[in-house]
Amino acid sequence: MPGFAIGESDFVLDGRPLQIISGALHYFRMHPDCWADRIEKARLMGLNTIETYVPWNAHSPRPGVFDTSGMLDLGRFLREVAAAGMYAIVRPGPYICAELDNGGLPAWLFRDDDTDDRVGVRRYEPRFMSAVTQYLQDVLEIVRPLQIDQGGPVLLVQVENEYGAFGDDQTYLKALADVIRNAGITVPLVTVDQPTDSMLAAGGLDGVLRTGSFGSRVTSRLETLRKHQPTGPLMCMEFWDGWFDYWGGRHHTTSAADAAAELDTLLAAGASVNIYMFHGGTNFGLSSGANDKGVYRPTVTSYDYDAPLDEAGNPTEKFHAFREVISRYAPVPDTVPAPKPAAPEFTVALSDPVGLLPGFCGTWSDHQELPTLDDLDARLAIFRTELRQGGPALLTFGEVRDRVQVFLDGAPVGILERERHDRAIMLPHTRGRLELVVEDQGRVNYGPRIGEPKGLIGPVRVGAEELTGWTACGIDLDRVPQLWQSAGPTPSVLGIGPTAWRATFETDGESDLFLRTDAWGKGFAWINGFCLGRYWRRGPQETLYVPAPLLEQGTNNLVVLELEVLETPTATFTGSLRLGFTDL
């Protein structure tokens with residue numbers, strides 16, 4: 001019979017069994033003019049389906065906003081999947097993890113308000129459910145006409161995400177499923193959990209197909225999944241073929257041969273699969289998240305993931321190994337995509353430095369007590385107060401989330417970091433202007449610390465005295481490329497505190513570029529006003545990816561905001577990705 005459904009042991013499309021062979025492509029981690037290329041390469045590897053998460057925080061950066069422009073045009077992305085003759089899976093969360101800031105949940109949802117208790121996180125709580133309902137209605141308004149039963153590509157829609165690792169609120173899960181159905185979604189719904197008895201029991205929902213997330217020990221994982229899903233198709237919704245990187249760690253890679261062997265076992269068992277990731281892409285802007293299981297680990301800008309396509313969209317060893325495995329179970333096109341030629345290599349001088357500490361930060365506000373970054377609606381901010389004590393003393397903080405640079409009368413004193421659990425630093429004297437540059441390096445995306453406030457938490461003290469009488473300036477990072485419209489060079493404070501630099505360069509606008517950052521300190525970079533993301537000398541990542549569609553034929557503008565010291569004010573573009581050292 002026509003249509004798509006869940007059968008006794010298979011997915012069924014128009015009366016025939018369908019083994020879904022999918023790959024994850026996150027539209028929000030690619031320039032939209034790259035979507036068609038990545039989708040086509042997925043088809044050439046033998047995939048028949050594309051899966052994507054939907055990031056609530058990107059679409060709704062502020063209450064009442066639902067942005068679908070540019071990289072957030074989900075409808076265009078799904079139509080491009082359909083144009084390639086492929087199917088789609090949509091996973092709207094509301095929580096998605098994905099190593100994204102706050103796991104995809106908007107930060108404004110958890111800001112303090114006039115009530116005594118905090119908004120619920122991933123549970124059946126009225127304020128959380130009200131916001132979630134509006135978000136899902138907005139997303140599914142796009143998805144509804146693109147379902148398979150309406151001539152579109154969408155086969156499945158997921159409810160929440162690995163909920164069994166977080167909670168067991170069945171009322172919450174059922175309410176989400178009801179919201180999705182009431183929004184006009186008629187295709188089958190699924191949940192996903194790691195294949196343990198406790199997680200599958202807590203994260204599953206009666207009447208909704210359970211799927212698993214794993215990358216090894218396929219046979220035993222499928223057996224566990226089958227215990228909790230006695231009938232219907234078996235599916236690994238996240239077949240982990242690589243991993244993400246964090247600042248200060250190594251670049252993670254996994255064996256292509258081992259991953260291909262596990263994929264072979266999965267497909268031979270008749271299970272469906274979604275390869276996570278087929279192409280990871282990039283955490284552009286400040287979209288990357290963090291993990292904190294006792295030690296805070298912020299995620300790097302690259303989301304290469306050691307996937308079949310690298311961050312720049314080139315086929316890797318895994319592409320060819322997976323393609324050969326898939327060819328045993330499904331038709332695979334004869335064409336194999338060729339890697340792109342090496343990118344141009346050149347160096348340009350950075351000039352016209354603008355220091356933010358001298359006063360080019362923006363709008364300052366007065367506060368008796370130190371505000372958080374959330375209070376300022378900022379990811380980076382400068383805080384000032386006057387010290388009047390006199391001699392050396394210990395400066396202490398309740399908790400640093402996530403990094404603070406300390407300056408006294410414009411001179412650097414030191415840096416405190418969350419990952420080292422730093423909470424104190426000795427001041428050489430305590431008379432003069434104290435300035436704190438506080439950075440949010442990415443909100444935790446997994447576990448109980450989702451939704452926590454950012455900034456300096458708890459009192460700031462010199463000795464036993466709490467400091468009050470602050471002025472604060474939240475730095476609007478979107479406006480950094482326009483600093484020169486209101487400020488001139490500040491050579492007298494060159495390299496002291498956050499300093500913006502700029503350069504111009506010429507390109508043909510047709511080739512990707514790779515901006516080397518390993519000679520710099522820590523900061524952010526923009527090309528033609530678009531934020532490429534964070535960089536940090538700590539590594540492992542040593543380049544920022546510049547997709548060709550960002551570039552103009554002719555003159556292009558580069559802006560760098562360096563938080564530490566730029567010893568050599570030059571910018572170098574290299575021929576390929578440099579993702580850092582690895583154990584393999």
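In helix 4, the buried residues (under 20% relative accessible area, with a 1.4 Å probe and protein chains only) are Phe128, Met129, Ala131, Val132, Tyr135, Leu136, Val139, Leu140, Ile142 and Val143. Seen down the axis of helix 4, these residues fall within an arc of 160°, so they line one face; the arc is that of the directions from the helix axis to the C-beta atoms. Please keep in mind that this is a predicted model, where local features need pLDDT of at least 70 and side-chain atom pairs count only at pLDDT 80 or more. Residues are numbered from 1 along each chain as its sequence is written.

**Helix 4**
- Pro126 and Ser130 are exposed (over 50%) on the face turned away from the buried side of helix 4.
- The cover over the buried residues of helix 4 includes helix 2 (56–59), helix 3 (74–83), strand 6 (87–91), strand 7 (154–158) and helix 5 (170–182).

- Three strands form an open sheet in the order 1-2-3, with antiparallel pairing; two strands pair if DSSP finds at least two bridges between them.
- Strand 1 (4–6) and strand 3 (16–18) are the edge strands, each pairing on one side only.
- Strand 1 is joined to strand 2 (residues 11–13) by three bridges, and Ile6 has Phe11 as its bridge partner in strand 2.

**Around Gly414**
- Gly414 belongs to strand 20 (residues 411–417); strands are DSSP runs of E with at least two residues, and helices are runs of H or I with at least four.
- Beyond its neighbours within four places in sequence, Gly414 is in contact (heavy atoms within 4.5 Å) with Val404, Gln405, Val406 and Ile425.

Note on methods:
Side-chain values use heavy atoms; hydrogens and water are left out.
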